[in-house]
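Me: Please go through the backbone and strand details of this model with me, one point at a time.

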Amino acid sequence: MEFTTQKNGSDLTIALSGELNTVTAPSFSALLESELPGIKSLTLDFTNCDYVSSAGIRVLLSTLKRIKEINGSMTLKNVGENFTEVLENTGLDAVFDIA
């Protein structure tokens with residue numbers, strides 16, 4: 001998995017490429033830990049992300065919780081069909097802002 005970050009003031013966009021799974025979720029979590037201080041708006045771009053496992057979803061949920069604690073926002077962008085189906089089946093489509 002590769003991550004590309006782009007900061008603009010308190011806005012952060014991270015493009016994910018590859019699979020967000022049990023192996024890659026810890027490195028994604030570490031990236032978020034280092035990049036989130038001072039961020040009020042987080043956009044995660046899933047254009048090139050092929051798969052998201054439950055470990056990846058856990059990272060997304062904990063990140064959303066952290067962002068909401070500071071009254072920030074988090075958007076999932078370009079979510080693929082399979083991931084969208086998982087979010088819908090679990091009710092998480094109502095939790096996440098999906099663009």
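Reply: Asn 71 is exposed, at a relative accessible area of 70%; buried means under 20%, exposed over 50% and partly exposed in between, with a 1.4 Å probe and protein chains only. Residues are numbered from 1 along each chain as its sequence is written, and side-chain values use heavy atoms, without hydrogens and water. The model is predicted: local features need pLDDT of at least 70 and side-chain atom pairs pLDDT 80 or more, while totals for chains, interfaces and linings use all residues.

Me: Where is the place of Asn 71?

Reply: Asn 71 is not a glycine, yet its phi is positive, about 60°. Helices (H or I, at least four residues) and strands (E, at least two) are DSSP runs numbered from the N terminus. Asn 71 sits in the loop between helix H2 (54-69) and strand S4 (73-77).

Me: Is Asn 78 buried, partly exposed or exposed?

Reply: Asn 78 lies in the loop between S4 and helix H3 (81-90). Its phi is positive too, about 55°, although Asn 78 is not a glycine. Most residues other than glycine have a negative phi. At 37% relative accessibility, Asn 78 is partly exposed.

Me: How many bridges join S1 to strand S2?

Reply: Two strands pair if DSSP finds at least two bridges between them. S1 and S2 (residues 11-20) run antiparallel, and Phe 3 stands opposite Leu 16 in S2. The number of bridges joining S1 to S2 is seven.

Me: What is the count of buried residues in strand S1?

Reply: Strand S1 spans residues 2-8 and is hardly covered. Among its seven residues, the count of buried ones is zero.
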